[in-house]
Amino acid sequence: MHLPRAPSSPWLPLLSLLLLLSSTHTALGAVTTYGLVPAAHQTTAIPDGSAPQATLAAYDGTVLTPPAPPQPALGPDLRLPEQPRDAGAVQGLSIPHRGGAGFYGFSVEMSVITQTIGKNSTHIFPAFLNLMANIIERSGSVLVRLGGNTQEYAKFHDGLFEDGRITQKEDSGSLQTTETPAVLYTIDLFRMMANISDLIPVKWFLGLPFNDTSTFHLDIAEHGQEILGDNLVALQAGNEPDLYGPHQKRVTPYLPENYNQELESLFTTVDANERISNKFVAPSVSHSNPDWALDNIWSTGFIDRFASRLYALTVERYLDNNCFVNFGTGTERIPQDVFPNYLTHQTHVELLSDYLGTSALAQQANLPFIMFETNTASCGGFAGVSQSFGAAMWILDYGMQMAYSNFSNALLHVGGQNVFYNPWISPPTNQSAFNEWTVGSVFYSAMIMAEAFGKQESRIVDLQVGSPLTPAYAIYEGNTLSKFALFNYVDDRSGANDLLVALTVTGGVPASVKVKYFLAESVASKRDMTWAGQTFGNNFEADGRLKGDLNVTTVNCDVTNNVCGIPLRAPSFALVFMDGSSSDSQSVPTATFATTARTKGHNTATVPPEVLATSNGHAGKERQNLGSTSRGSVSGAERSAVVGFVAVVVSAVVGAWAVVRS
């Protein structure tokens with residue numbers, strides 16, 4: 001069934017505005033918009049296969065062999081336990097997950113901001129904005145952390161870099177596993193973040209450098225709070241301190257109490273700084289050092305000592321690591337061998353059992369509990385695994401299990417072009433003239449999770465069905481049963497493991513339900529994934545907007561026998577809307593304007609530099625090195641309409657933007 005498209009969200013015209021303002025023609029000293037195209041006239045991306053073969057991990061084409069289907073087959077029928085309509089009658093329901101904030105956010109490694117978000121405050125990538133808009137359409141807002149290993153050696157650079165970028169890397173001298181570079185950043189980083197939040201509801205976390213606790217470098221906190229205001233949620237005090245000793249960042253033994261003493265020193269320094277009043281997140285441990293087991297940390301009195309200074313308790317965890325291949329440490333993992341671990345519900349249950357005690361402590365302290373960095377595997381992920389359809393289902397299942405285990409949020413890590421697991425990534429610089437972006441399979445997971453939880457307060461329960469290959473959840477909005485989430489990890493094209501899932505509800509099922517499916521040919525597939533019939537496209541085909549017609553299935557229920565039979569093919573995921581509706585607004589492209597894959601366009605629209613002298617918080621002299629962004633060209637009447645719109649809108653709004661910040 002195809003549903004009609006709904007009107008755009010009220011904030012989407014602002015997104016259009018950013019696309020109009022997002023590039024700077026340095027030769028003329030004026031803002032230039034290259035080929036902005038109304039969504040209805042978007043040109044088709046380059047045909048798959050016409051792009052040159054890429055070799056960077058982010059665009060890897062490895063396809064693995066799926067595990068053999070179970071014998072005997074699971075099908076054809078799977079009956080779930082009868083589910084109460086009223087949340088009050090449900091045993092084991094999760095904590096309420098607040099509405100208006102998607103469960104999954106994103107953790108962007110500080111050194112790759114200019115590959116994934118934008119070059120500077122006037123060159124924000126439209127694809128990034130479009131992708132965030134897809135999350136926001138469904139959940140209301142999104143959390144983004146800038147940090148990771150590279151935050152530890154971040155240094156403020158007073159001025160601009162010659163190429164106009166807001167960050168630059170240099171050797172840090174670090175000896176840790178991931179060979180962390182130092183990142184230099186400028187004031188324009190915060191202006192870029194603020195401009196994004198002015199246009200779409202993105203909230204930020206920033207990481208403090210913790211490499212030298214004898215003299216805390218608080219520039220990132222001072223500028224972040226001053227420029228971002230309430231859009232800065234909290235500051236991370238140390239990233240994976242349990243690895244400071246093994247990675248030679250501290251004299252050993254370095255134990256939880258040593259970290260506590262450094263936090264005390266940090267907070268004393270912050271108290272003397274009138275420019276900083278933000279709260280912090282900690283301890284952000286990686287579960288890699290037995291001396292730093294969570295019970296050992298809490299036994300130091302950590303929560304009682306620091307609860308008043310904390311926004312949330314945080315941890316970081318990946319299911320596995322690929323450090324042997326990338327850095328020669330640990331045990332070698334063969335992607336084909338570990339692939340089955342990402343095709344079962346059991347790995348979630350076992351992994352998250354380590355955190356059930358901590359989630360209870362967080363509730364007692366009235367603190368959120370956040371998985372601050374996660375993805376398929378640390379040290380870059382696995383070829384053939386991390387961008388597969390199976391990994392996308394696993395990350396979606398992982399998010400639901402975390403929510404059921406009373407995590408408040410989780411942030412999927414974005415590591416740049418040298419890792420396999422990115423939710424999204426720009427094309428290599430030498431291909432940006434003819435290639436578009438790549439949206440990874442796990443971005444679908446985050447988007448579907450946002451839709452499953454929606455914009456209202458939600459709670460979730462694992463229905464704990466028999467097979468770890470077919471997990472299922474029930475989701476309640478407010479006090480009422482809202483959705484079922486159904487997984488089938490089995491890879492079987494014969495149909496023998498296709499299921500008919502029987503849903504029953506206390507008090508009776510509705511006459512019909514709506515179902516959205518997440519589909520691909522195989523768990524090993526890395527292309528042609530669709531959510532309710534729509535796709536972002538394959539490698540080098542994405543502009544951040546869903547393409548294709550929305551396809552929502554209507555399933556008629558047997559009211560007499562109180563059962564809805566939901567088809568669930570092998571493999572697939574289904575989200576069942578029990579109230580018989582699904583939001584049409586979650587089907588439309590969330591950007592009003594987009595660009596083609598060509599960068600050498602003509603007929604650009606320009607605005608005199610004196611008009612934009614102070615827009616986005618920049619003086620004209622600061623803008624001389626800031627580069628262009630939007631791609632493509634547009635012809636005929638379409639060009640005339642877009643150019644006219646640029647001139648009118650920019651002239652109308654620039655006065656208001658000029659005084660936003662200095």
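Analyst: In this predicted model, helix 4 (residues 188–199) and helix 5 (residues 219–228) approach each other with their axes within 9 Å, crossing at roughly 35°. The crossing of helix 4 and helix 5 is right-handed. Helix 4 contributes Phe190, Arg191, Met193 and Ala194 to the contact, and these meet Ile220, His223, Gly224, Ile227 and Leu228 of helix 5. Sorted by class, the contact of helix 4 with helix 5 comprises six nonpolar, two polar and one charged residues.

Helix 5 is largely enclosed by the rest of the structure, because eight of its 10 residues are buried. The buried residues of helix 5 are Ile220, Ala221, Glu222, His223, Gly224, Gln225, Ile227 and Leu228. Just after helix 5, Gly229 adopts a positive phi of about 60°.

The axes of helix 13 (residues 389–404) and helix 14 (residues 441–453) come within 8 Å and cross at roughly 40°. This crossing of helix 13 and helix 14 is right-handed. On the side of helix 13 the contact is formed by Ala391, Ala392, Ile395, Leu396, Gly399, Met400 and Ala403, and on the side of helix 14 by Ser441, Val442, Ser445, Ile448, Met449, Ala452 and Phe453. By class, the contact of helix 13 with helix 14 has 11 nonpolar residues, three polar and no charged.

Helix 14 also takes part in an aromatic pair. The chain has 36 aromatic pairs by the rule applied here. In one of them, the ring centres of Trp424 and Phe443 are 6.4 Å apart and the ring planes stand at 90°, so the pair is edge-to-face. This pair links distant parts of the chain, with Trp424 in strand 20 (residues 424–425) and Phe443 in helix 14, 19 residues apart. Trp424 is buried, because its relative accessibility is 0%, and Phe443 is likewise buried at a relative accessible area of 0%.

Elsewhere, ring pairs join Phe210, Phe216, Tyr244, Tyr254, Tyr259, Phe267, Phe280, Trp292, Trp298, Phe302 and Phe306 into a cluster. One ring of that cluster, Tyr254, has Arg250 over its face, 5.4 Å from the ring centre.

Most residues other than glycine have a negative phi, and most peptide bonds are trans. Cys379, in the loop between strand 18 (377–378) and helix 13, has a positive phi of about 60° although it is not a glycine. Cys379 counts as buried, with a relative accessible area of 15%. Asn562, in the loop between strand 28 (553–556) and strand 29 (564–568), also has a positive phi, near 55°, and is buried at 16% relative accessibility. Cis peptide bonds join Gln71 to Pro72, with omega of about 0°, and Gly75 to Pro76, with omega of about 5°. Pro72 lies in the loop between strand 3 (37–38) and strand 4 (77–79), and Pro76 is found in the loop between strand 3 and strand 4.

For the chain as a whole, there are 15 helices and 32 strands, and 61% of the 662 residues count as buried.

Conventions:
Residues are numbered from 1 along each chain as its sequence is written. This is a predicted model: local features need pLDDT of at least 70, side-chain atom pairs count only at pLDDT 80 or more; totals for chains, interfaces and linings use all residues. Side-chain values use heavy atoms; hydrogens and water are left out. Axes are lines fitted to C-alpha atoms, for helices over the stretch in contact, and angles run from 0 to 180 degrees between N-to-C directions. Helices (H or I, at least four residues) and strands (E, at least two) are DSSP runs, numbered from the N terminus. A crossing is left-handed if the near helix is turned anticlockwise from the far one by less than a right angle, and right-handed if clockwise. Contact means heavy atoms within 4.5 Å. Ala, Val, Leu, Ile, Met, Phe, Trp, Tyr, Cys and Pro count as nonpolar, Asp, Glu, Lys and Arg as charged, and the others, Gly among them, as polar. Rings of Phe, Tyr and Trp (its six-membered ring) pair if their centres lie within 6.5 Å; planes under 30 degrees apart count as stacked, over 60 as edge-to-face and the rest as tilted. Buried means under 20% relative accessible area, exposed over 50%, partly exposed in between (1.4 Å probe, protein chains only). A charge sits over a ring if NZ of Lys or CZ of Arg is within 6 Å of the ring centre and within 35 degrees of the ring normal.
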